[in-house]
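I opened this notebook to record what I looked up in the structure shown below. The entries follow the order in which I consulted the model.

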Amino acid sequence: MKKLMNKVDDFLSESLAGFATAHSDLVMLNIDPVFLRRRNLTPGKVALISGGGSGHEPLHAGFVGYGMLDAACPGQVFTSPTPDQMMAAAEAANAGAGVLFIVKNYSGDVMNFEMAAEMSDAVSAMVLVNDDVAVENSSYTTGRRGVAGTVVVEKVVGSLAESGADLEQCKILGDRVVRQTASMGVAFTSCIVPAAGMTTFKVGDDEMEVGVGIHGEPGRRRAKLASAEAICDELLETIVDDLEPAKGADLLLLVNGLGGTPLGELYLLFNSAHRWLERRGLRVARSLVGNLTTSLEMAGASVTLCILDDEITKHWDTPVHTPALRWGA
């Protein structure tokens with residue numbers, strides 16, 4: 001195993017210390033229990049809190065800041081954070097308008113966020129993200145997994161919260177974004193969890209895992225390595241069949257790297273996806289390409305589509321200032 005680290009047991013704490021120091025203008029790190037909070041809170045704003053196992057950076061800590069999250073709770077690599085982390089984050093981030101938990105659909109995350117919501121004094125609601133259309137159930141979930149579509153939810157709802165919307169309005173929009181968003185990915189290699197010291201799964205040099213999860217969970221099938229066009233065709237057929245967008249619909253197209261794929265390849269996949277959608281009378285009105293929801297050093301990518309409407313588009317376009325996403329004023 002070759003990784004930039006000192007001691008395995010210190011991997012997360014040292015990584016978070018570096019992150020918080022590098023972005024000290026935007027975030028603050030709480031040590032016990034561990035969470036990251038936006039440095040400058042807006043009084044009277046709904047607080048958005050998310051989290052999950054580490055190893056998916058920049059999700060979620062990289063999206064703490066103006067226009068997105070107010071706090072993020074990182075667990076150990078691929079391990080859910082604990083309820084005490086979530087309760088402390090909620091208390092620290094609550095600016096008087098309640099707390100919206102944005103939770104990827106993994107059994108541990110859901111259970112712990114629900115426990116935190118029940119035990120916390122803060123008024124709260126939850127948006128459950130389950131955008132992965134590859135499999136209905138997996139080793140980590142009951143129902144569909146939450147993957148890169150989480151970024152879309154956090155950006156759109158984050159903007160709505162910044163505009164002064166109340167907790168109920170934020171939840172309603174978040175649930176709608178989830179319904180209008182779907183993702184699917186493919187992996188060419190496994191990743192290595194630092195504590196394990198070996199690959200999570202084996203895939204041959206001429207093979208790929210179609211529909212892989214962001215923790216290395218198996219997808220819908222193991223297949224021979226195919227061209228970007230063929231991969232794109234399978235991913236988008238599945239996504240579009242699930243979403244059923246109307247002909248001529250405006251879409252957000254997100255091509256996400258899983259950690260070990262060069263940007264040049266991600267843009268090539270975006271080009272294939274863009275042409276595929278155009279041939280079917282669907283318009284790519286907004287786009288984003290990059291490593292946003294990763295799986296350590298796994299080679300591969302995922303494709304996410306979100307059916308846009310006027311409200312979602314408006315909030316996607318608003319300024320954002322976080323460690324990982326910065327655009328607008």
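Entry 1, the sheet. I began with strand β3 (residues 47-54), which pairs with β4 in the parallel sense over 6 bridges. I took strands (E, at least two residues) and helices (H or I, at least four) as DSSP runs numbered from the N terminus, and two strands as paired if DSSP finds at least two bridges between them. I noted that the bridge partner of Gly51 in β4 is Cys73.

The model is predicted: local features need pLDDT of at least 70, side-chain atom pairs count only at pLDDT 80 or more, and totals for chains, interfaces and linings use all residues. Residues are numbered from 1 along each chain as its sequence is written, and side-chain values use heavy atoms, with hydrogens and water left out.

I then turned to strand β2 (residues 35-38), which pairs with β4 in the antiparallel sense over 2 bridges. Here Arg37 has Ala71 of β4 as its bridge partner. Strand β4 (residues 71-77) is largely enclosed by the rest of the structure, because 6 of its 7 residues are buried; buried means under 20% relative accessible area, exposed over 50%, and partly exposed in between (1.4 Å probe, protein chains only).

I recorded the whole sheet as open, with 6 strands in the order β1-β2-β4-β3-β5-β6 and mixed pairing. Its edge strands are β1 (27-30) and β6 (124-129), each of which pairs on one side only. From one strand to the next, the twist averages 20 degrees.

Entry 2, β5 and its surroundings. Strand β5 (residues 99-104) pairs with β6 in the parallel sense over 6 bridges, and Phe101 has Met126 of β6 as its bridge partner. Helix α5 packs on the sheet, touching β5 and β6, and its direction makes about 5 degrees with that of β6. For such angles, axes are lines fitted to C-alpha atoms, for helices over the stretch in contact, and angles run from 0 to 180 degrees between N-to-C directions; contact means heavy atoms within 4.5 Å.

Is Ile102 buried or exposed? I found Ile102 in strand β5, and its 0% relative accessibility means that it counts as buried.

Helix α6 (residues 228-243) has 16 residues and reaches 22 Å from its first C-alpha to its last, close to the 22 Å expected at 1.5 Å a residue, the expected span being 1.5 Å times one less than the number of residues. Among its buried residues are Ile231, Leu235 and Leu243. Glu244 follows α6, with a positive phi near 55 degrees.
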